[in-house]
Amino acid sequence: MDRTASVPPRPGIPAVDVVPVDEDVLATLLGVAVADADPTDAMPPVEGPPGWTETARAAFAAHHRSRRPGLSGPHAEVTYAVRADGAVVGSARLHRVGPARLEMGVWLGRPVRGQGVGTALVPLLVAEAGRLGATTVTAETTADNAGALAMLRRNGAVLTERPGGHVHAELPVG
């Protein structure tokens with residue numbers, strides 16, 4: 001996304017937008033992750049002790065840098081910083097899982113969870129997916145992730161329970 005995308009604020013819900021993860025944004029995003037999220041919420045697992053070790057911090061930065069080429073890059077994924085009222089509060093990603101299908105993933109810092117940020121974010125990601133040529137956006141979560149399930153339901157996702165407590169979501173684009 002070469003531009004900032006945003007959703008107009010609704011009463012009681014912060015103004016939400018997404019921006020590309022350049023080096024300045026990455027430094028802020030890492031700070032938010034360390035302060036307000038567990039590494040397992042914010043990035044793929046890394047070997048070593050739990051917590052935000054130097055290894056985990058380096059892996060977080062490398063993960064986001066490696067996604068800068070976008071969907072045409074080797075990871076077929078792009079990441080964005082999520083902002084609420086102008087402050088970085090988390091990250092979102094779109095990952096190509098089929099010719100016209102993108103999977104979204106989101107993590108938000110603890111202070112903004114349950115504040116409507118995720119619900120406001122989903123339409124931004126769906127619109128961006130459409131701009132990138134997708135006709136369907138999917139998401140994967142677990143049956144015990146009440147926040148993610150609420151965010152998806154509020155945006156009209158069709159949810160399908162899968163074995164092992166997993167839930168698959170689909171949202172049409174357009």
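Reply: Rings of Phe, Tyr and Trp, the last by its six-membered ring, pair if their centres lie within 6.5 Å, and planes over 60 degrees apart count as edge-to-face. The model discussed here is a predicted one. In it, Trp-52, Phe-60 and Trp-107 form one aromatic cluster, and a search of the whole structure finds 2 aromatic pairs.

Me: What makes the pair of Trp-52 and Phe-60 edge-to-face?

Reply: The ring centres of Trp-52 and Phe-60 are 5.7 Å apart and the planes stand at 80°. The limit for the centres is 6.5 Å and the planes must be over 60 degrees apart, so the pair of Trp-52 and Phe-60 is edge-to-face.

Me: Why is the pair of Phe-60 and Trp-107 also called edge-to-face?

Reply: For Phe-60 and Trp-107 the centres are 6.5 Å apart and the planes are at 70°. Pairing requires centres within 6.5 Å, and edge-to-face requires planes over 60 degrees apart; the pair is therefore edge-to-face. This pair links distant parts of the chain, with Phe-60 in helix α3 and Trp-107 in strand β5, 47 residues apart.

Me: How do you know whether Trp-52 and Phe-60 are buried or exposed?

Reply: Buried means under 20% relative accessible area. Trp-52 has 13% relative accessibility and therefore counts as buried. Phe-60, at 0%, counts as buried. Trp-107 is likewise buried.

Me: Which residues lie closest to the centre of the largest pocket?

Reply: The largest pocket holds about 1,000 Å³ of space. It is lined by 39 residues, and those closest to its centre are Asp-41, Gly-105, Val-106, Trp-107 and Asn-145. Among the elements that each supply at least two residues of the lining are α2 (39-42), α3, β4 (87-98), β5 and α5.

Me: Why are the buried residues of α5 said to line one face of the helix?

Reply: Helix α5 spans residues 146-154, and its buried residues are Ala-148, Leu-149, Met-151 and Leu-152. Seen down the axis of α5, these buried residues fall within an arc of 160°, so they line one face. The face turned away from them carries the exposed residues Ala-146, Gly-147, Arg-153 and Arg-154.

Me: What do the buried residues of α5 pack against?

Reply: They pack against β5 (101-108), α4 (117-131), β6 (136-142), β7 (158-162) and β8 (166-172). Just after α5, Gly-156 takes a positive phi of about 80°.

Me: Why does Arg-67 count as buried?

Reply: The relative accessible area of Arg-67 is 13%. The cut-off for a buried residue is under 20%, so Arg-67 is buried. Arg-67 is found in the loop between α3 (54-66) and β3 (77-84). Leaving out residues up to four places away in sequence, Arg-67 touches His-75, Glu-77, Val-78 and Thr-79.

Me: What makes the approach of the side chains of Arg-67 and Ser-66 a polar contact?

Reply: The distance for this polar contact is 2.7 Å, and it joins the side chain of Arg-67 to the side chain of Ser-66. The limit is 3.5 Å, and residues adjacent in sequence count only if both atoms are side-chain atoms; the contact between Arg-67 and Ser-66 is therefore counted.

Me: How do you know that Glu-77 is buried, and which side chain does its own side chain meet in a polar contact?

Reply: Glu-77 lies in strand β3. At 6% relative accessibility it falls under the 20% limit and therefore counts as buried. The side chain of Glu-77 makes a polar contact of 3.3 Å with the side chain of His-95. Beyond its neighbours within four places in sequence, Glu-77 is in contact with residues including His-63, Arg-67, Leu-71 and Arg-93.

Me: Why is Ala-76 called buried, and why is Asp-85 called exposed?

Reply: A buried residue has under 20% relative accessible area, and an exposed one over 50%. Ala-76, at 18%, therefore counts as buried. Asp-85, at 59%, therefore counts as exposed.

Key: Residues are numbered from 1 along each chain as its sequence is written. Side-chain values use heavy atoms; hydrogens and water are left out. Helices (H or I, at least four residues) and strands (E, at least two) are DSSP runs, numbered from the N terminus. Buried means under 20% relative accessible area, exposed over 50%, partly exposed in between (1.4 Å probe, protein chains only). A polar contact is a pair of N or O atoms within 3.5 Å; within protein, one must be able to donate a hydrogen and the other to accept it, and residues adjacent in sequence count only if both atoms are side-chain atoms. Contact means heavy atoms within 4.5 Å. The arc is that of the directions from the helix axis to the C-beta atoms. Rings of Phe, Tyr and Trp (its six-membered ring) pair if their centres lie within 6.5 Å; planes under 30 degrees apart count as stacked, over 60 as edge-to-face and the rest as tilted. On a 1 Å grid over the protein atoms alone, a cavity is a set of points where a 1.4 Å probe fits but cannot get out, and a pocket is an open set with protein on both sides within 12 Å along at least five of seven lines; lining residues have an atom within 4 Å of a point. Grid points are joined across faces, edges and corners, and a volume is the space filled by probe spheres set on the points.
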